[in-house]
Amino acid sequence: MVNQQRQPICGASWWWQWLPIMLLLAISQTTDATPPSNDDWWQRTVFYQIYPRSFMDSNGDGVGDLRGITSRLEHLKDAGIGATWLSPIFRSPMVDFGYDIADYTAIQPEYGTMEDFEALLAEAKRLGIKIILDFVPNHTSDQCEWFRRSVAREHPYTDYYVWQDGRVDPNGNGTARLPPNNWQSVFYGSAWTLHPDRGQYYLHQFTAQQPDLNFRNPAVVEEMREVLRFWLRKGVAGFRIDAVNHLFEADGFPDEPETGTDRDPLSYGFTHHIYTKDLLEDYDMVYQWRALLDDWSRVHGGDARIIMTEAYANITFTMKYYHAEDDDDQADGQPRAAAGSHMPFNFLLITDLNRDSSAQDFVYTIQKWLTYMPRVGATANWVLGNHDQPRVGTRYGAERIDAIHTLLLTLPGIAVTYYGEEIGMVDNPDAISSGGGDSVTGASDAFIVFSRDPERTPFQWDGTANAGFSSGPTTWLPVHPNYRELNLAAQRLAERSHYKTYQALVALRAHETFRKGSIQLVPYSSSVVVYVRELAEADTFVVVINLVAGERTVDLVAVFPKLSAELTVASSGSASCYRVGDIVQADKLIVGGYDGLVLRSVPLLSRALRNLDGERHPTATSVWSAVKDAAVIASIIIALGSSYYGLRAPWQSVASGLAEGSLKK
């Protein structure tokens, strides 16, 4: 796009001629926007999830490790990432790849040593990157020493887990036993397994190798507190809490009501999980952990330590994790009740939207979170992917990767990125072929539907063997075969790429309008989403996302009348016809297929001061700042009368010029 030329305004008299317009614009630039109550580090950064097995292998064994992560932290810095959370790195038999923990305070040997972790922390600190650990409190591994002692009924571990006697089998001989109730595992089958040594059933809401801890036992609660303290002493910045809405089960262990929609009694969909999920005690435990972290920060100083919570639940339940607010119990607009999760993960962009979703679906889904979110003491967050969900390019279509990242990184609140998404990695459906993959779902015919391996393949660093992930002969999961074309090294060299688009968007979202501004979303049509981000005394931005292949013409002024007639392109997709700095017409914007645009509103003053080369007058910025600060004085000057100050002729000349249309678009 070519910038339209403007006649330069020459001579010293230009400032006085344009003063009235500058004053008027300065006064009118204020927009309604409510900034957050604070601006802490976690509210203004981008979080990045690393799956340790797949990020970088430092020793050639085909498995990613801590030294590998440390060696690649510069990439996070280059991308503008401020914090990363690591999927579990603790000692584990790896039935569920680290989500079955045998020792909460030891490093899994194939990932390295505690010294390696401390070196990672030191390098991250040098680069200004926070480290968040994945905390898995709901269950341990059945290889955990606590479980072994609980099986043997050793004090104090006897009731560390949820044990129950079986029910008498009415069709048996009087000695046969059935599971205590009809509860199912998330991974299919009964949630109860009989342990022959103890002679009782133990509860496991996930695999049989992941027995549930008993959080009604105060000793267990204290054990988990001490785990948090152990890693806080190491210097971590917080925790992502796994499966938090499964912590407690109802007393009495009643059968759960059947849904009537799934007739398989061993399927998780067979019952409504009203006694095993989303109990009020789950929220209270989060509030207790938040209090522990806040107390730690107060005592030890430094930045806030944070909690991020994972709970696949309805939105009403999810919002309870923010804090235990009582609408009738506030002081100075702030909730008195207990604070909770800094980030109750918002999975709506994963669960509620896909490649077939319309613009109306997108607007409804985004507004849903913003509508339900507490007005006070809460920050929105947007999670686009993780280790359990298909990648963005697979879920939405590879052609929409830049557009979806434009959405993620310009919405109000916190953005969370899964490793590899910044370069547009997609699922590898053949990831199981090397063996040793998802041990939960296995290699059955249902693999493609249920396995998590396709989205866990090694990061594609470059076009060399194994995509630069490992120097070994094989990798724990096969690298996607597209790595020779799709890799970070190639995208860093290219003039335009997914990575450069992502990188530019991360930098752009640091603008105060994106950090603190209001948002107004509109489905312009079934295929185009538009929204404006505004903040008083700051730039206004418009985001336009085309969800379909064909070009669309958009009249932004019809939707947002306060926009200037011309807009500057601040960001565009890697395949876009627009470049940063292009000037576009707000009332007849042509948006290419699958493009995501971020446009900056160009104030009238700035357009008037643009010279033939498309450059601002050298003093325009300083004058604009001074004029905004002098808005009140200006109104007094105007009220007293321009003739008193000798401005009558310039004022009248400008006014008549405007009336005659001499200041053309």
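I take two strands as paired if DSSP finds at least two bridges between them. Strands (E, at least two residues) and helices (H or I, at least four) are DSSP runs, numbered from the N terminus.

**Entry 1: ground rules.** I am working on a predicted model, where local features need pLDDT of at least 70 and side-chain atom pairs count only at pLDDT 80 or more, while totals for chains, interfaces and linings use all residues. Residues are numbered from 1 along each chain as its sequence is written, and side-chain values use heavy atoms, with hydrogens and water left out.

**Entry 2: a sheet.** I looked up an open sheet of 3 strands, whose order is S6-S10-S9 with antiparallel pairing. Strand S6 (163-164) and strand S9 (192-195) are at the edges with a single partner strand each, so one side of each has no neighbour in the sheet. S6 is joined to strand S10 (residues 200-203) by 2 bridges. Which residue of S10 is the bridge partner of Trp163? I found Tyr202 there.

On the other pairing, S9 and S10 run antiparallel over 4 bridges, and Trp192 is opposite Leu203. The two strands form a hairpin with 4 residues between them, and Gly199 in the turn has a positive phi of about 75°.

I then checked burial (buried is under 20% relative accessible area, exposed over 50%, partly exposed in between, with a 1.4 Å probe and protein chains only). S10 is covered on both faces: Gln200 and Tyr202 are buried on one side, Tyr201 and Leu203 on the other.

**Entry 3: cysteines.** I looked for disulfides (cysteine sulfur atoms within 2.5 Å) and the structure holds 0. Cys144 is buried at a relative accessible area of 2%, whereas Cys577 is exposed at 53%.

**Entry 4: cores.** I count as a nonpolar core a set of buried Ala, Val, Leu, Ile, Met, Phe, Trp, Tyr and Cys residues joined through side-chain atoms within 4.5 Å. The largest one has 139 residues, and Phe47, Phe55, Phe117, Leu133, Trp231 and Trp289 have the most contacts inside it. Helix H8 (residues 280-300) gives the largest share of this core, 8 residues. Domain 1 (138-214) and domain 2 (517-609) both contribute residues, so the core lies between them; the domain bounds come from an automatic or database domain assignment.

I followed the contacts (heavy atoms within 4.5 Å) of Phe117. Leaving out residues up to four places away in sequence, its partners include Leu66, Ile89, Ile131 and Trp231. A second, separate core has 18 residues, among them Val554 and Leu597.

Entry 5: Is helix H13 (residues 401-410) largely enclosed or left open? I noted that 10 of its 10 residues are buried, so H13 is largely enclosed by the rest of the structure.

**Entry 6: rings.** Rings of Phe, Tyr and Trp (its six-membered ring) pair if their centres lie within 6.5 Å; planes under 30 degrees apart are stacked, over 60 edge-to-face and the rest tilted. I have 34 aromatic pairs here. Phe230 and Trp231 are edge-to-face, at 4.9 Å centre to centre and 80° between the planes. Phe230 is partly exposed at 22% relative accessible area, while Trp231 is buried at 1%.

Tyr312 and Phe347 have ring centres 4.2 Å apart and planes at 10°, so this pair is stacked. Tyr312 is partly exposed at 29% relative accessible area, and Phe347 is buried at 6%.
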